[in-house]
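Hi,

Here's the structure I said I'd pass along. Have a look at it first, and then read on for my notes on the charged side chains.

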Amino acid sequence: MGSCSDKDSPNQDQSVETRTVYLQIQSDKQGSRADEPSATGTTAPLLSAIIYFLDGSEDPVIEVVRTAGADGDITIAQLEAGYEFTDIPSTVTQVYVVGNYNSSNANGAAATFPMTRGQFYSQIQAVQLEIQQVAYPRLSDGTVPDPIQLLAIMDGRSMVQSYAGMPNGWNGEADLTDDDLYADITIYPMNARLEIVEITYTGTVLESFTMEGIYINNYYDLMPVSLDAMMGAGYSPVNHGSNEDLYDVDSNSFAYTNLSTLYDVIDENVTVTGGTATITPENGTWAYHLFGNSSPAPHIILKLTDLVYANGTTLPTRYVTVKGYRENGVDVGIFYPHVIYKLTDLAFSDSDLSPVPEPENINLWVHVQVQPWETINVTPVI
């Protein structure tokens, strides 16, 4: 993200009264995807940020734009400790921050965030992101973080406060006085996170099989920054249906070529002992970032190959499709942003096996636990 300062903008009215605003940012609980420890209780990594200083209009106007990060106006460390921004127009009443904005998606194109004084908050909220940008962000220099430290785009907004009236709201290091103004912002991931801790087969039919992979289906691939505004706005989930080629990594029709965060190839040979077999990830959990506020909830498809039945019969491929989730007996119809939906055990049996993914006559429900960017344990329903 390049440095962006509008001090010399031709649109800047040099006669506008200016003031100093102290700003501190902190991130909510956050973690990374894919075969790794659960994100619950960890802190979101923040590597870059766009900082919008907005006025008090019904559709707030951007008065000043600053950036933080390796190529920004200030460092992330300065922003997290509490930073004094000077020459802020007196019309500014609120601050909005977009964290970990990545400059390219899976196809190399970049979503464009407004960066000019005079543009509107609604224009920021209308920016359309791809799921790869939310779940697998590229940094401003085009690089991708190490898989263990994958980021999520985050945002947060706060009114500008008077230290005289709200002294306990400031957590920065600066020694503020009654005349000072500040904004203390907590930013949250824009996405939900689905975690699978364990997969269990219980039945009498199978002697062994290969757990080929996990595929997320019925997901949104595009969303505006304002997830609250997406409902009824023409955004619909992508569902790859029952076409097996779309779930075959060796097929030219493989649907997840540019969606590497929505599937995992496991290829683990599993032996059934005493009618039970358990598959667990090497490092704690399989995890997937998804757009929040998405309804209906995403589906999970397990792909089993090389099945050997107890009577010696062999079959090449079977699927288990999870189409719903319940928390304490209540259906979970929407996956909300900055919430982790956790399946401590995705359990399936003989009757849940299907020759195709997304069968019409099988629905597996899973129990889930939900916590705000903390965790939800889910129970699958096939």
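Below is what turned up when I went through the salt bridges.

One thing to keep in mind from the start: this is a predicted model. Searching the whole structure gives 5 salt bridges.

Let's start with K342 and E195, whose side chains form a salt bridge at 3.8 Å, N to O. This pair ties together distant parts of the chain, since K342 sits in strand β21 (residues 339–343) and E195 in strand β10 (residues 191–196), 147 residues apart. Both K342 and E195 are buried. There's also a network here: R193, E195 and K342 are linked by salt bridges.

Next up is K323 with E358, a salt bridge at 3.9 Å, N to O. K323 has a relative accessible area of 23%, so it is partly exposed.

Then there's D331 and R326, whose side chains meet in a salt bridge at 2.9 Å, N to O. D331 is partly exposed, with a relative accessible area of 46%, and R326 is partly exposed as well, at 32%.

Cheers

Conventions
Residues numbered from 1 in each chain as written. Predicted model: local features only at pLDDT ≥ 70, side-chain atom pairs only at ≥ 80, totals over all residues. Heavy atoms only, no water. Salt bridge = Lys/Arg side-chain N within 4 Å of Asp/Glu carboxyl O. Helix = DSSP H or I, 4+ residues; strand = E, 2+ residues; numbered from the N terminus. Buried < 20%, exposed > 50% of the residue type's maximum accessible area, 1.4 Å probe, protein only.
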